[in-house]
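Reader: Walk me through the labels used for this model. I want each one set against its cut-off.

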Amino acid sequence: MTEKRKIGLIVNPVAGVGGKAGLKGSDGEEIQRAAFEKGIRPEAPDKTLRALEALKKISDEVVFCTFEGAMGGDEAKAAGFSVTILGDPACPEKTTGADTEKLARMLLEEGVKLIIFAGGDGTARNICSAVGDKVPVIGIPAGVKIHSGVYAVNPESAGQAALQFIREGGNVREAEVMDLDESLYREGIISPRLYGYMNIPDNRKKMQNVKSRSVSQVAALDYIATDIIQSMDNDTVYIIGAGTTTRNIMILMGLDYTLIGVDAVCGGRLIGRDLDEGGLWELVNSRRCHLVITAIGGQGHIFGRGNQQLSPRVIRKIGKDNITVIATKEKLLSLPDRCMLTDTGDRELDRSLEGYMKVVTGLNERTICAVRA
């Protein structure tokens, strides 16, 4: 009988809980407590199960090595895989970055062929610190900040990339591990720092690019903002998503804004600042709303990266016809395959958003751009 191949699995069970809560990250007990008090449910376990679905085709060929409980054992067992539990039988009740590093080091000693992990940039940073480039990794995007290049474009892509790599092997390439200082991030200061490199499968279609910072001309951004402002009517609430491209709308209107949050304006006035998922849900259920968002430069995501406040139920309530995407031509040209991406956490919703969307690229100027999940 052929020996099963060992695959490492690490799940950060609290990854992303600060996203829907509008807390700009999930690091630290206080932030996590605040998110849970708002009724936010962790999504990393479900996203891990979505990724593992693709690997069921080879369930008899692999064994997952992980900790018992919420750091991977629960998910691997729920998906029907053979599991080798490492370390103590019980997973810590409150997991920390130190637990992630400990598990990563044990997986390296166990001789796993690949480490699949679910989390955000903090999780990637912990794993990089523990294993560096000694074993290939694939990240399942489950955090708020996903600047690092070690993540797949969505959970399903993570599973598909892992399946192909386990079956066929192939080349690996270095990918950057980036992270932000969350305290500065909450103040609107975006300063990504490079923490190292890890090896990932050289799968350009399934693995995302590193987020690039926009170097767009001020005039182009002003033209886009002017187009949006001129199209506004006084009875509609305009929900303005995060980013430097959307920020110009607020600046030209002379309104306070949240660079990394979600704001709402109506009749030329700010009626909601730094709204969380709950606040947005109340708003879209009481007023006619229109959403204005932008694509992340270099990656292309319009949903699921840094704007988890825009949850599937909020997006559905707004409706696809009431969503406007804005971006400079330069940004669109920088996207992989010239395509925007959506990773809302709801596959049915993602598929409904696929196709083509008009993107406002200037004053009275539109460009058709593909959207895929």
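Author: Start with handedness: a crossing is left-handed if the near helix is turned anticlockwise from the far one by less than a right angle, and right-handed if clockwise. Helices are DSSP runs (H or I, at least four residues), strands likewise (E, at least two), numbered from the N terminus. By that rule α9 passes α10 in a right-handed crossing. The model is predicted, so local features need pLDDT of at least 70, side-chain atom pairs count only at pLDDT 80 or more, and totals for chains, interfaces and linings use all residues. Residues are numbered from 1 along each chain as its sequence is written, and side-chain values use heavy atoms, with hydrogens and water left out.

Reader: What makes α9 roughly perpendicular to α10?

Author: Helix α9 (residues 218-231) and helix α10 (residues 244-252) pack at an angle of about 65°, with axes 8 Å apart. Axes are lines fitted to C-alpha atoms, for helices over the stretch in contact, and angles run from 0 to 180 degrees between N-to-C directions. Under 35 degrees counts as roughly parallel, over 145 as roughly antiparallel, 65 to 115 as roughly perpendicular, the rest as oblique. Therefore α9 is roughly perpendicular to α10.

Reader: Which residues of α9 and α10 make the contact?

Author: On α9, Val-218, Leu-221, Asp-222, Ala-225, Thr-226, Ile-228 and Ile-229. On α10, Thr-245, Asn-248, Ile-249 and Leu-252. Contact means heavy atoms within 4.5 Å. The residues divide into 7 nonpolar, 3 polar and 1 charged. Here Ala, Val, Leu, Ile, Met, Phe, Trp, Tyr, Cys and Pro count as nonpolar, Asp, Glu, Lys and Arg as charged, and the others, Gly among them, as polar.

Reader: Why is the pair of Phe-117 and Tyr-151 called edge-to-face?

Author: Rings of Phe, Tyr and Trp (its six-membered ring) pair if their centres lie within 6.5 Å; planes under 30 degrees apart count as stacked, over 60 as edge-to-face, the rest as tilted. The centres of Phe-117 and Tyr-151 are 5.3 Å apart and the planes stand at 65°, so the pair is edge-to-face. Phe-117 lies in strand β4 (residues 114-119), Tyr-151 in the loop between β5 (137-141) and α7 (155-168), 34 residues apart.

Reader: Why do Phe-117 and Tyr-151 count as buried?

Author: Phe-117 has a relative accessible area of 0%, so Phe-117 is buried. Tyr-151 is at 0% too, so Tyr-151 is buried.

Reader: What makes Pro-155 buried?

Author: Pro-155 has 0% relative accessibility, so Pro-155 counts as buried. Pro-155 lies in helix α7. Not counting residues up to four places away in sequence, Pro-155 touches Lys-47, Arg-50, Ala-51, Ile-140, Pro-141 and Asp-343.

Key: Buried means under 20% relative accessible area, exposed over 50%, partly exposed in between (1.4 Å probe, protein chains only).
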